[in-house]
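Here is a briefing on one model, with its salt bridges, pockets, strands and core taken in turn. Please read it beside the sequence and the coordinates.

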Amino acid sequence: HPGEYPVYSGNTVGAFAHIESYDYDIPCLSWAIDGLAGYIMTHNESFSATNHRGVLVPKVDGIDLQYIRYVLEPIFRELKMGRAGDNGENEYTSLPPFMLKDIEVGIPVDETGKININMQREIATKYLAIEQYRRDILANLDTLLNQRIDY
């Protein structure tokens, strides 16, 4: 019986299902615990998560979720354990919550030592631009590799 609220699982793209209730109703991050472990999603909607997805809820104000996502995801992907095939293909990896307990990330602060949300947003914007450049380069490379020249 589908509802309006998404349920996220280990899948790294999109909702697993929809139900009539939700467990989380605040902006937060979640990561795939298994499958393609360590990939992070940003949530700005009410949702639920299965036991294949961990949820990270900010405990203090002034945290930019995109900044945290860009900083944490490479760390999470490095920590994952399990089977990763050639070039990441046929991957089945795991990153349970207990593996994250000692992770620390830097949060920009201003000259008074207060969390600097503007600096986080500026850094996140730069990460986003780099990610877009990477996608553009890969798309152009794919086009070049699939060129066929008739003569």
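Searching the whole structure turns up four salt bridges. A salt bridge here is a side-chain nitrogen of Lys or Arg within 4 Å of a carboxyl oxygen of Asp or Glu. This is a predicted model, where local features need pLDDT of at least 70, side-chain atom pairs count only at pLDDT 80 or more, and totals for chains, interfaces and linings use all residues. Residues are numbered from 1 along each chain as its sequence is written, and side-chain values use heavy atoms, with hydrogens and water left out.

**Salt bridges**

- Glu131, Arg134 and Arg135 are linked in a salt-bridge network.
- In the pair Arg134 and Glu131, the closest N and O atoms are 2.7 Å apart.
- In the pair Arg135 and Glu131, that separation is 3.6 Å.
- Arg134 and Glu131 sit three residues apart in helix α2, so about one helical turn separates them. Helices (H or I, at least four residues) and strands (E, at least two) are DSSP runs, numbered from the N terminus.
- Arg135 and Glu131 are four residues apart in helix α2, about one turn.
- Glu131 is partly exposed at 23% relative accessible area, as are Arg134 at 42% and Arg135 at 38%. The classes are buried (under 20% relative accessible area), exposed (over 50%) and partly exposed in between, with a 1.4 Å probe and protein chains only.
- Glu122 and Lys126 form a salt bridge too, at 3.5 Å from N to O. Both lie in helix α2, four residues apart.
- Glu122 is partly exposed, with a relative accessible area of 40%.

**Pockets**

- The largest pocket has a volume of about 460 Å³. A pocket is an open set of points on a 1 Å grid over the protein atoms alone, where a 1.4 Å probe fits, with protein on both sides within 12 Å along at least five of seven lines; lining residues have an atom within 4 Å of a point. Grid points are joined across faces, edges and corners, and the volume is the space filled by probe spheres set on the points.
- Its lining has 16 residues, with Leu56, Val57, Pro58, Ile68 and Leu72 nearest the centre.
- Helix α1 (residues 65-79) gives the largest share of that lining, four residues.
- The lining of the largest pocket splits into 14 nonpolar, no polar and two charged residues. Nonpolar covers Ala, Val, Leu, Ile, Met, Phe, Trp, Tyr, Cys and Pro; charged covers Asp, Glu, Lys and Arg; the others, Gly among them, are polar.
- The second largest pocket has a volume of about 280 Å³.
- Among its lining residues are Glu131, Arg134 and Arg135.
- Helix α2 supplies the largest share of this second lining, six residues.

- β3 pairs antiparallel with β5 (residues 40-43) over four bridges. Pairing requires at least two DSSP bridges between two strands.
- β3 also runs antiparallel to β7 (residues 53-56), joined by four bridges.
- Ser30 has Met41 as its bridge partner in β5 and stands opposite Val55 in β7.
- Trp31, Ile40, Phe76 and Leu95 touch the most other members of the largest nonpolar core, which has 15 residues. Such a core is a set of buried Ala, Val, Leu, Ile, Met, Phe, Trp, Tyr and Cys residues joined through side-chain atoms within 4.5 Å.
- The largest share of this core, seven residues, comes from α1.
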